[in-house]
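Let's take a walk through this model together. Keep the structure open beside you as you read.

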Amino acid sequence: MGGRPDDAVIFTRNTTDSLNLLAGCLPVVDGVHTGDVLYLDIEHHANLLPWQGVPHRSVIAAPTLAGTLDLLRGELAHGGVSLLAVTGASNVTGEVLPIRALAALAHEYGARIVVDAAQLAPHRRIDIAADDVDYLAFSGHKLYAPFGAGVLVGRPDWLDAGTPHLAGGGAVQDARIDTVSWTTGPARHEGGSPNVLGAATLARATQVIADLDVDQWHAHENAIRSFLVEGLARIDGVTVHQIFSDSASFDAPAGKRPGGGAGTGTIGVVNFSLEGYDAGLVAAYLSAEHGIGLRDGRFCAHPCSGGSGCPPARCGQASAWVPGWRTPSGCSPHSSSCARPAWAGTMWWTRDAGSRPTTPAPTRTGHPTRPARRARPLHPGLTLSVRSRGACRVR
Ligand SMILES: Cc1ncc(COP(=O)(O)O)c(C=O)c1O
């Protein structure tokens, strides 16, 4: 992640935990916060709700990234912002935000920046020092490590002065029957027995990702994503949603270019809706009849994806996630979502690419098997064939 030598690395449970921890460490003088937290309406709840409990301001994102930066600049220029909280990549649409440019903007007005890298970290190389990011939060499970471990990396001063995240063993210098002096450093916030396995597996996952060839990695992900987007574009009634009309081509203002940082563009998330069909039905249908796992709903980002006031183009519905890399065997860790049914709580069948019914799939919880049957089209254009080795073909 390219942290500075004195950055604190605090192990947490996940990104949500990391951002809540930081919310408890915002600078306070005489019981009053020294500034507001500024955030956009496109955030995941993890990077939205912790700030609602402290002095804050929110900005509704403009239809372009360039316009959104201007809006943030206008708000920062009013003064009194201590922290800009932004996502590195939207979990709703996959669009990447220019974190280097945003960091420069925040610093210009005396604020710090925290980047929610839950979605960015598995898809882009991040360099905290080069991008001048003050705090970065991410989760192990999004990096193909097991659930249960996350990280907050960043400048130690606020963290050393902040309220200990978990009061308990390991977080103290000295404790008496009714008083305590807290330690500093990561231990201040890591009270209790550590999640050793979570930290070790998260570390290994970051090493594996750090060793990837960036060009091959991005080419692979872009190829699968383009394949999916182009296939969806051929289906009547399908709309692929994005927040910013310029996210593919955005270039930060001169002197503040994203450069070699996490950059811009879109990670492997595709958000689409099918006119006339409920997203839940589309997702259930694709899961049941074609073995394709989608997420549907509002993606823990209600203001961005269907909250009141949400622009219609943003009311994204189903979302497909494509892997950024392959395991040495040539199968991506998430190809299972393409090659096998996403078990939806009942018994469904797989079929092969040629629409021939295949052997009933094994049941998850011992449901009795039933004979295979042909998939029924939900929509005349929506026939997605299922391929092994991580490829979903949209016909
Ligand atoms: C952009 C973003 N931020 C934060 C989170 C929260 O991550 P976690 O549930 O691991 O805390 C997610 C999870 O989907 C996410 O996509």
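Leaving aside its neighbours within four places in sequence, which residues is histidine 33 in contact with? They are Leu26, Val28, Val54 and Pro55. Keep in mind that this is a predicted model. Histidine 33 sits in strand β3, residues 32–33. The residue counts as partly exposed because it has 16 C-beta neighbours inside 10 Å. One of its contacts, valine 54, is 21 residues away along the chain, yet the two C-alpha atoms are separated by 7.9 Å.

Now turn to helix α3, residues 65–77. Leu65, Thr68, Leu69, Leu72 and Leu76 are the residues to look for here, being buried in α3. Those residues cover an arc of only 100° around the axis, which means that they lie on the same side of α3. An α-helix has 3.6 residues a turn, so residues three or four places apart point the same way. Gly74 and Ala77, on the other side of α3, are exposed. The cover over the buried residues of α3 includes β4 (36–40), β5 (56–59), β6 (81–87) and α4 (99–108).

Helix α4 is largely enclosed by the rest of the structure, because seven of its ten residues are buried. These are Ile99, Arg100, Ala101, Leu102, Ala103, Leu105 and Ala106. They pack against α3, β6, β7 (112–116) and α5 (128–131).

| Helix | Glycine just after it | Phi |
|---|---|---|
| α3 | glycine 79 | about 85° |
| α4 | glycine 110 | about 75° |

**The core**

In soluble globular proteins, nonpolar side chains tend to be buried together. Here the largest nonpolar core has 84 residues. Leu84, Val86, Leu102, Ile113, Ala117, Leu136 and Ala137 have the most contacts inside that core. Leucine 102, which is also among the buried residues of α4, touches Leu84, Val86, Leu97 and Ile113, not counting residues up to four places away in sequence.

**Around the ligand**

Finally, which residues are around the ligand? They are Asn14, Thr15, Thr16, His44, Ala46, Asn47, Thr87, Asn91, Asp116, Ala118, Gln119 and Ser139. This shell divides into two nonpolar, nine polar and one charged.

Note on methods
Residues are numbered from 1 along each chain as its sequence is written. This is a predicted model: local features need pLDDT of at least 70, side-chain atom pairs count only at pLDDT 80 or more; totals for chains, interfaces and linings use all residues. A nonpolar core is a set of buried Ala, Val, Leu, Ile, Met, Phe, Trp, Tyr and Cys residues joined through C-beta atoms within 7 Å. A residue is buried if 20 or more other C-beta atoms lie within 10 Å of its own, exposed if 12 or fewer, and partly exposed in between; C-beta atoms are placed from the backbone. Two residues are in contact if their C-beta atoms, placed from the backbone, lie within 7 Å. A residue is near a molecule or strand if its C-beta atom, placed from the backbone, lies within 6 Å of it. Ala, Val, Leu, Ile, Met, Phe, Trp, Tyr, Cys and Pro count as nonpolar, Asp, Glu, Lys and Arg as charged, and the others, Gly among them, as polar. Helices (H or I, at least four residues) and strands (E, at least two) are DSSP runs, numbered from the N terminus. The arc is that of the directions from the helix axis to the C-beta atoms.
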